[in-house]
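Visitor: I would like a close look at the charged pairs in this structure. Please walk me through them one by one, and then show me their surroundings.

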Amino acid sequence: MSTHSRRRGGGGIVTAVKADLRRLHGAWMELVFPRQRGRGHSVMGKWKPETLPQKIGYRGWSIFGMLGILVLYPLTVIGFATRYYASKLDSTRTRLGIVGVTGLSLVVWGALTVAWWAMSTMEQLDIPFDAFLAVAAASGVATLSTALAASAKKFGGRLVTVVFAYPFAMTALFLPPVVAALVTPELEEIILEPSYDFAVWVLDNVLFVGGINEWLRANFQLEGAAYAAMWVGISFPLGWFLGVVVALANLVRPSE
């Protein structure tokens with residue numbers, strides 16, 4: 001790649017970032033002041049303050065928005081990346097349809113559950129029936145989550161997508177490796193042990209408020225199907241976070 005090409009590519013990135021920041025700042029300013037983003041105001045032009053109180057308020061609101069953008073723009077970049085990979089998954093849903101995606105998930109999870117039960121029976125492993133029910137229940141949750149995520153994305157608006165589609169999609173993505181680790185000892189060190197360490201960190205550093213961590217430790221043990229329940233619980237706030245940053249990315253740079 002030539003030096004000229006690299007410079008042009010770098011300039012393109014810088015130009016795109018500047019445009020994103022202008023859109024974010026314009027959207028912030030338009031919360032209080034009219035006609036700030038420049039779209040659709042070609043005749044009337046951008047509104048500007050005239051009186052001294054207006055100028056003081058305008059400048060103060062502008063500076064406050066700039067400080068907020070320092071926090072918001074990194075989240076916007078996360079939203080760009082999330083939107084890109086979500087579009088790849090959505091293209092699969094578009095090709096297969098909701099019934100196709102749900103059917104595929106049902107076949108895969110059903111096969112995993114039956115194979116695990118058959119393997120334990122053939123090798124005469126002393127596995128409690130409750131453990132089999134836990135795996136079957138996780139399979140059902142994953143299949144249902146896949147169907148709900150696809151339905152919310154297809155039929156819901158932006159709010160429904162953020163509130164339902166992303167959390168259910170996270171659940172459908174998180175459960176397969178966790179359940180696979182529950183039934184495959186070789187995966188325990190890779191998935192379950194880091195999950196345990198992560199749970200300890202969350203309890204000590206996030207859920208210490210109000211003694212929530214003490215209550216959870218006293219009433220629950222992180223073993224077996226509790227790992228799957230933990231990741232289902234994580235998938236919802238994480239899904240909401242990703243949905244919000246994607247909505248922010250759409251505000252800054254609308255997808256085609």
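Guide: Helices are DSSP runs of H or I with at least four residues, strands are runs of E with at least two, and both are numbered from the N terminus. On that basis, the protein chain has 7 helices and 0 strands. Its pattern along the sequence is α-α-α-α-α-α-α. This is a predicted model, so local features need pLDDT of at least 70 and side-chain atom pairs count only at pLDDT 80 or more, while totals for chains, interfaces and linings use all residues. Residues are numbered from 1 along each chain as its sequence is written, and side-chain values use heavy atoms, with hydrogens and water left out.

Now the pairs. Side chains of opposite charge can pair when their charged atoms come close. The whole structure holds 3 salt bridges (a side-chain nitrogen of Lys or Arg within 4 Å of a carboxyl oxygen of Asp or Glu).

Start with D20. Its side chain meets that of R23 in a salt bridge, 3.2 Å from N to O. Both residues sit in helix α1, which spans residues 3-29. They are 3 residues apart, about one turn of the helix.

D20 also pairs with R253, at 2.3 Å from N to O. This pair links distant parts of the chain: D20 is in helix α1, R253 is in the segment after α7, and 233 residues separate them. Together, D20, R23 and R253 form a network of salt bridges.

How covered are the three? D20 has 0% relative accessibility, so it counts as buried (under 20% relative accessible area, with exposed meaning over 50% and partly exposed in between, for a 1.4 Å probe and protein chains only). R23 is partly exposed, with a relative accessible area of 31%. R253 is partly exposed too, at 32%.

The remaining bridge joins D204 and R217, with their closest N and O atoms 2.9 Å apart. D204 lies in helix α5 (residues 188-205) and R217 in helix α6 (residues 212-219), so the pair ties together parts that are 13 residues apart in sequence. D204 is partly exposed, at 40% relative accessibility. R217 is also partly exposed, at 41%.

Next, the surroundings. R253 follows α7, and α7 has a partner. Helix α4 (residues 158-183) packs with helix α7 (residues 225-252) at an angle of about 145°, their axes 7 Å apart. Axes here are lines fitted to C-alpha atoms over the stretch in contact, and angles run from 0 to 180 degrees between N-to-C directions. The residues of this contact divide into 22 nonpolar, 5 polar and 1 charged (nonpolar covers Ala, Val, Leu, Ile, Met, Phe, Trp, Tyr, Cys and Pro; charged covers Asp, Glu, Lys and Arg; polar covers the others, Gly among them).

To recap the charged pairs: D20, R23 and R253 are linked in a network, and D204 forms a salt bridge with R217.
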